[in-house]
Amino acid sequence: MPEIKENVLEKLQSEPKNLWKRLLITAIIISVVVWGSQSVHYTGIAAKGSTIAGSIITGLLHPNWSLYTFTETGVPYLVLQTIAIAILGTIIGAILAIPFSFLSSTNIVPKGVAVVFRAIILLIRTIPSLVWALIWIRVTGPGAFCGVVTQSICSIGMISKMYITAIEDLDTGILDALDAMGCNTFEKIRCGILPQLSAGFISTAIYRFDINLKDATTLGIVGAGGIGFPIINYINSANWQNAGSFLWALIFLVIVIEWCSTKIRARLAHGKR
């Protein structure tokens, strides 16, 4: 026991003293918080704020069920349109991200080529989805097609980044073994690369679909199709019952998609049912 105690004390004494680093990091964080809070000014709640809040809650509790009709302005149609935009945007973006990610991986192509394509991916990720929607809406016009194009472009940036990580973590020993067995390039891709990447690629695409489903609502605000446009119209006109109808549909949709995608990702990652 005394020897163990001495070893523990010796280990503690041999650890580097990082107190000054911790104090410096704490001071930086406090400085950033203080600097950021200077631009935030609380002016109190508006005179009609409580009334509006009450109207919002009333609208959510008493939605307009007459909007649940299978017409082009009904909730089910616009919800299905939002899902379609997210699905198409994710699939197209995931497919286009594959060549971008391979051309950006330093273990596949020369470093100079990888730097160029990584810069392109960074440029795509830098521009927010709303800005992309405002750009493409001038090209394609308002509607669901604009939403699909916007989500496809935005998906490339995020999905490519995740794909690159998976590609650079490839076990090259398997490829060397297949090469030693005399396998051709196609056989090495089919038996050595795809089994390692498929689960990660599918999981990434499903995760991006979650994001696209929520973004499709936001993009609808600027006219890119989906459920967002009627929601913002009803909110601006203070028609809380109609807004509540769409919000309940959106909440239910997000919960269902989140549950399904979580189950699928868990099964892909760990084989869980």
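Which helices each supply at least two residues of the lining of the largest pocket? The structure examined is a predicted model, in which local features need pLDDT of at least 70 and side-chain atom pairs count only at pLDDT 80 or more, while totals for chains, interfaces and linings use all residues. Residues are numbered from 1 along each chain as its sequence is written, and side-chain values use heavy atoms, with hydrogens and water left out.

The protein contains eleven helices and zero strands (DSSP runs, numbered from the N terminus: H or I of at least four residues for helices, E of at least two for strands). Of its 273 residues, 31% are buried, that is, under 20% relative accessible area with a 1.4 Å probe, protein chains only.

The largest pocket has a volume of about 210 Å³. A pocket is an open set of points on a 1 Å grid over the protein atoms alone, where a 1.4 Å probe fits, with protein on both sides within 12 Å along at least five of seven lines; lining residues have an atom within 4 Å of a point. Volume is the space filled by probe spheres set on the points, which are joined across faces, edges and corners. Of the 14 lining residues, L78, Q81, G226, F229 and P230 are the closest to the centre of this pocket. The helices that each supply at least two lining residues are α4 (75-103) and α10 (228-236); the largest share, three residues, comes from α10.

The second largest pocket holds about 160 Å³ of space. Its lining comprises R118, I121, L122, R125, K161, I164 and T165, and α5 gives the most, with four residues.

Conventions: Buried < 20%, exposed > 50% of the residue type's maximum accessible area, 1.4 Å probe, protein only.
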